[in-house]
Amino acid sequence: MDKKQLIMEKALALFAKEGYEGCGVMRIVTESQVTKPTLYHYFGSKEGVLRSIYETYFTGFLQTLDKDIQYQENMMACVGKIIRLYTDFALRNPDFYWLTAHLRKGPKESESYLIVAKYHTREREILRNFMEEVSLVHVNLKGMEEQLTRNLLSLISGLIEDRILSEKNQKVEENDIILLTKQYLYGIFSL
C-alpha cells in the first residue's frame, strides 16, 4: 500500500472513531507513521484528506446509485434495490459509514460539514429525483418527495446501524430488505 492510501485509511479510521474535529494532523501522521510534510505533500491539509476520502468512497457510490435507481413501476423492487445498495456499501465500508453518519448530523457551519456538503446534497438529489419519478405515477405522493427521501434514508440508516453496532458486520439478508421495503411502502401508501 502506498503512503497516500495508508494516510487516507488511517485518517478514515480515526475520523470514524473520534470524529473529524476531534482528530488532528499529528494524530493522523503518528498513526500512519509518516511525517507532516508527507501528509501535506499528498493532501495539502487535513481538509484535503477528508476531501480525498469522500472522493474515493462516495463518488463511486453516488454514480452507482444514480445509474441503478430509475423507477420502473415496481416500487417493491425499486425500493429494495436502493436499500440493498446502501446496506452492501455500508457493510463493506463501516468506517466510512460512521464518518458520514457523524458528519450528516454535525453543525451546518462546521468546517467538515461544509467540505462534504456537496456529496450529501448530490445524494439527496438522486433520491429526490427518484421520488419525483414515483410521484408521477403515484400522484398522492406529489409534493412529498423530500419527506419520502428523508424517511427512506432514516429507515436504511437504522438497519445499517443495527448491523454495524452488532459488531458482527452481518450480511443483510434478503428477508431484511423485504421487511424494510414493506414497512416503508406501507407507510407512504397509507398517507
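Me: How many salt bridges does the structure hold?

Reply: The structure holds 13 salt bridges, a salt bridge being a side-chain nitrogen of Lys or Arg within 4 Å of a carboxyl oxygen of Asp or Glu. Before going further, note that this is a predicted model, in which local features need pLDDT of at least 70 and side-chain atom pairs count only at pLDDT 80 or more, while totals for chains, interfaces and linings use all residues. Residues are numbered from 1 along each chain as its sequence is written, and side-chain values use heavy atoms, with hydrogens and water left out.

Me: Okay, and which residue does Glu174 meet in a salt bridge?

Reply: Its partner is Arg84, with N and O 3.2 Å apart. The pair links distant parts of the chain, since Glu174 belongs to helix α9 (residues 174-189) and Arg84 to helix α5 (residues 75-92), 90 residues apart. Helices here are DSSP runs of H or I with at least four residues, strands are runs of E with at least two, and both are numbered from the N terminus.

Me: Is Arg84 buried or exposed?

Reply: Arg84 is buried, at 17% relative accessible area, whereas Glu174 is partly exposed at 47%. Buried means under 20% relative accessible area, exposed means over 50%, and partly exposed lies in between, using a 1.4 Å probe and protein chains only.

Me: What about Glu146, which residue does it pair with?

Reply: Glu146 forms a salt bridge with Arg124, and their closest N and O atoms are 2.6 Å apart. Because Glu146 sits in helix α8 (residues 145-165) and Arg124 in helix α7, the pair ties together parts 22 residues apart in sequence. Salt bridges with shared partners also join Arg124, Arg128, Glu132 and Glu146 into one network.

Me: And where do Arg122 and Glu125 lie?

Reply: Both are in helix α7 (residues 111-137), three residues apart, which is about one turn of the helix.

Me: Changing topic, how many helices and strands does the chain come to?

Reply: The secondary structure comes to nine helices and zero strands. The C-alpha atoms fill a box of roughly 55 × 35 × 25 Å along the principal axes, and buried residues make up 48% of the 191 residues in the chain.
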